[in-house]
Each structure stands twice: as structure tokens, then as C-alpha cells.
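Here is a friendly tour of one protein chain. Take a look at the sequence and the model, and then we will walk through them together.

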Amino acid sequence: ENRFEESFNELGLIYENYFVKKEVIIKNIPIDRLGEPSDISSGCLYLSSNEASFVTGTTLHINGGMSMI
């Protein structure tokens with residue numbers, strides 16, 4: 001079984017002070033941007049592809065490097 005863990009992304013940010021919180025969150029993401037739906041779907045496509053046929057029991061962290069800090 002494989003799975004993925006997503007982090008903050010543009011679709012998941014629903015706050016009263018959207019732009020203020022967005023700036024604070026982006027400062028804490030090593031690649032300096034929020035994730036986009038295509039970032040997450042690319043990881044899902046990889047895990048379901050033949051290229052990942054020997055990948056088992058792993059978690060693909062799709063979070064712009066936040067799991068490194």
C-alpha cells in the first residue's frame with residue numbers, strides 16, 4: 001500500500017485573513033510557494049504508474065519540502 005501526504009495548497013486555504021496567512025505559510029515552505037492541484041495529481045499518477053510498480057509501503061510527501069524542516 002502506498003499513499004501520499006499533501007501539505008498546504010491553494011485550494012485548501014480558506015481563512016478570514018487569507019492573504020496574511022498565505023504569506024506566513026509560504027515563508028515556511030522551502031520552495032516558497034503553495035502547492036497546486038497538478039503537484040498533487042502528478043504524485044498520484046506516479047504512484048499508480050508502471051514506473052512505481054516496485055514501490056511499496058511508502059508515503060510520498062508532496063509538500064514543497066515542509067517535511068524537511
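Is Asp32 buried or exposed? Asp32 is exposed, with a relative accessible area of 54%. Here, buried means under 20% relative accessible area, exposed means over 50%, and partly exposed lies in between (1.4 Å probe, protein chains only).

## What you are looking at

This is a predicted model, in which local features need pLDDT of at least 70 and side-chain atom pairs count only at pLDDT 80 or more, while totals for chains, interfaces and linings use all residues. Residues are numbered from 1 along each chain as its sequence is written, and side-chain values use heavy atoms, leaving out hydrogens and water.

The term pLDDT stands for the predictor's confidence in each residue, on a scale from 0 to 100. For the protein chain the mean pLDDT is 80, and 75% of the residues reach 70 or more. Where pLDDT is low, the predicted coordinates should not be read in detail.

## The overall layout

The protein chain has 2 helices and 2 strands, and along the sequence they follow the pattern β-α-α-β. Helices (H or I, at least four residues) and strands (E, at least two) are DSSP runs, numbered from the N terminus.

Of the 69 residues in the protein chain, 25% are buried. The chain exposes about 5,200 Å², and carbon and sulfur atoms supply 55% of that area; accessible areas come from the Shrake-Rupley method with a 1.4 Å probe, and for residues only the protein chains shown count as cover. Among contacts with a separation of 6 or more, 64% join residues 24 or more positions apart, where contact means heavy atoms within 4.5 Å.

## Helix α2

Which residues of α2 are buried? They are Ile40, Gly43 and Leu47. Seen down the axis of α2, these buried residues fall within an arc of 60°, so they line one face of the helix. The arc is that of the directions from the helix axis to the C-beta atoms.

Cys44 is also found in helix α2, and at 29% relative accessibility Cys44 counts as partly exposed. Cys44 and Ile62 are 18 residues apart along the chain, and their C-alpha atoms are separated by 9.7 Å.

## The loop between the helices

Let us return to Asp32, which lies in the loop between α1 and α2. Phi of Asp32 is near 60°, a positive value in a residue other than glycine. Most residues other than glycine have a negative phi.

Leu34 is placed in the loop between α1 (18-27) and α2. With 5% relative accessibility, Leu34 counts as buried. Leu34 and Asn63 are 29 residues apart in sequence, and 8.4 Å apart in space from C-alpha to C-alpha.

## Side chains that meet

How many salt bridges are there? The count comes to 1, taking a salt bridge as a side-chain nitrogen of Lys or Arg within 4 Å of a carboxyl oxygen of Asp or Glu. Asp39 forms a salt bridge with Arg33, and their closest N and O atoms are 2.9 Å apart. Asp39 is partly exposed, with a relative accessible area of 25%, and Arg33 is partly exposed too, at 34%.

Finally, visit Asn63, in the segment after β2 (59-62). Asn63 is buried, with a relative accessible area of 14%. The side chain of Asn63 reaches the backbone nitrogen of Gly65 at 3.0 Å.

Note on methods. A polar contact is a pair of N or O atoms within 3.5 Å; within protein, one must be able to donate a hydrogen and the other to accept it, and residues adjacent in sequence count only if both atoms are side-chain atoms.
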